[in-house]
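Hello,

I am handing over the structure we spoke about, with notes on what turned up in it. Please read the notes with the structure open beside them.

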Amino acid sequence: MKAVVLDTDDRFRLSELDRPVPGPGQVAIAVRYAGIQWGDELVRRGHFPVPRPFVAGFEAAGQVVDVGPGVDGALLGRAVTALTGGGAFAEVVIASAALTFDAGGLDPRTAAAFGWATPTAYDLIHTVTQVRPGERVLVHAAAGGVGTMAAQFARAAGAGRIVGVVGDSERAAYAARFGYDRLITRAEFAEAGENGPTGEEPFDVALDPVGGPTRLASLRWLAPQGRLAMYGALAGSAPAALDSDELLMSGRSALSYNSDLLSRTHPERLADSARHALRAVAEGHIRPDITAEYEMTDLDQALDRLAGGRAYGKSIVRIAPHVT
């Protein structure tokens, strides 16, 4: 089968590999489309200790073509979307049956765009911060895959005002399509005075994949009983020391969310959230926005755009499998 392999020189190459066989609790999926996410870039940079050569890709949409021991054979032939531990940039990928979901109501492109970002956004709004009607929500990286869907989930949850932080005015214009009441740039956020980045009431919820000074500023501009959700470190490993006594006195909370860890420790929780999120997409309440589609040979270009901040919304790779 054809697969895109990340080699020891940090470049991707289209290669021929043996078709993988599912083990206990696993399924084999003939991939039609695969989603691109930040984890692919982290793998390319060597942040994750994976053996090289490595077939990356953590989001797959296609058709189940084989099942391992202990998996219901009724899944054979079913159109699915899956959250994987790698291997999605190939004509066949192995996935955990527990994190493989029926996608019969979606076209395969949308099913691939669902990816990890949609259940992450769902969990950030509904499970971690538990946004309530009327609350004010601040979303960093507002034009990204999680940010565009977090705004939609927050609006559906009844949020009273949703403010997004973006890199520049072009990204603000893009993010405005997803329900934000106001967009500000990272520079405006960093230069905000004592009244906060918007000069309005403090926020009840802040979603932060950035870290460092951004994390501390977001926490400072929360209302009493406000909740900060930390789910990434785009700024790198810059330390951000939190004052536990101040948190206690103000009632503010700093909460973390790691979907990859959740998939390994409590996959049933992630699966439950993914099914709720998938239903919202299938019913048209939430819309993943596909802004770019690449061929398997263009993966380096796709990740260069992502790493350079030139990718909006969701990018996917067309696999178009020849395996049946």
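**Strands and helices**

Strand β5 and strand β6 (residues 79–83) run antiparallel and are joined by five bridges. Please keep in mind that this is a predicted model.

On the β6 side, glutamine 63 has alanine 79 as its bridge partner. Strand β5 also pairs with strand β3 (residues 26–36): these two run antiparallel as well, with seven bridges between them. There, alanine 30 has glutamine 63 of β5 as its bridge partner.

How much of β5 is buried? Seven of the nine residues in this strand (residues 59–67) are buried, so the rest of the structure largely encloses β5.

Next, the helices. Two packed helices are described by the angle between their axes and the distance between the axes. For α3 and α4, the angle is about 45° and the axes are 8 Å apart. The two helices are therefore oblique to each other. The crossing in which α3 passes α4 is right-handed.

**Aromatic rings**

There are four aromatic pairs in the structure. One of them is formed by tyrosine 122 and phenylalanine 153; the arrangement is edge-to-face, with 5.6 Å from centre to centre and 80° between the planes. Tyrosine 122 belongs to helix α3 (residues 117–128) and phenylalanine 153 to helix α4 (residues 145–156), so this pair ties together parts that are 31 residues apart in sequence. Tyrosine 122 and phenylalanine 153 are both buried.

Elsewhere, one aromatic cluster is made up of Tyr174, Phe178 and Tyr312.

**Charges over rings**

Which ring lies under the charged end of arginine 136? That ring belongs to phenylalanine 203, and the charged end sits 5.1 Å from its centre. A second case concerns neighbours in the numbering: arginine 220 lies over the face of tryptophan 221, at 5.0 Å from the ring centre.

**Glutamate 246**

The last item is a single residue. Glutamate 246 is found in helix α8 (residues 244–250). Is this residue buried, partly exposed or exposed? Its relative accessible area is 34%, which means that glutamate 246 counts as partly exposed, since that class lies between the limits of 20% and 50%. From C-alpha to C-alpha, glutamate 246 and arginine 215 are 15 Å apart in space, and they are 31 residues apart in sequence.

Regards

Note on methods:
Residues are numbered from 1 along each chain as its sequence is written. This is a predicted model: local features need pLDDT of at least 70, side-chain atom pairs count only at pLDDT 80 or more; totals for chains, interfaces and linings use all residues. Side-chain values use heavy atoms; hydrogens and water are left out. Buried means under 20% relative accessible area, exposed over 50%, partly exposed in between (1.4 Å probe, protein chains only). Helices (H or I, at least four residues) and strands (E, at least two) are DSSP runs, numbered from the N terminus. Two strands pair if DSSP finds at least two bridges between them. Rings of Phe, Tyr and Trp (its six-membered ring) pair if their centres lie within 6.5 Å; planes under 30 degrees apart count as stacked, over 60 as edge-to-face and the rest as tilted. A charge sits over a ring if NZ of Lys or CZ of Arg is within 6 Å of the ring centre and within 35 degrees of the ring normal. Axes are lines fitted to C-alpha atoms, for helices over the stretch in contact, and angles run from 0 to 180 degrees between N-to-C directions. Angles under 35 degrees count as roughly parallel, over 145 as roughly antiparallel, 65 to 115 as roughly perpendicular and the rest as oblique. A crossing is left-handed if the near helix is turned anticlockwise from the far one by less than a right angle, and right-handed if clockwise.
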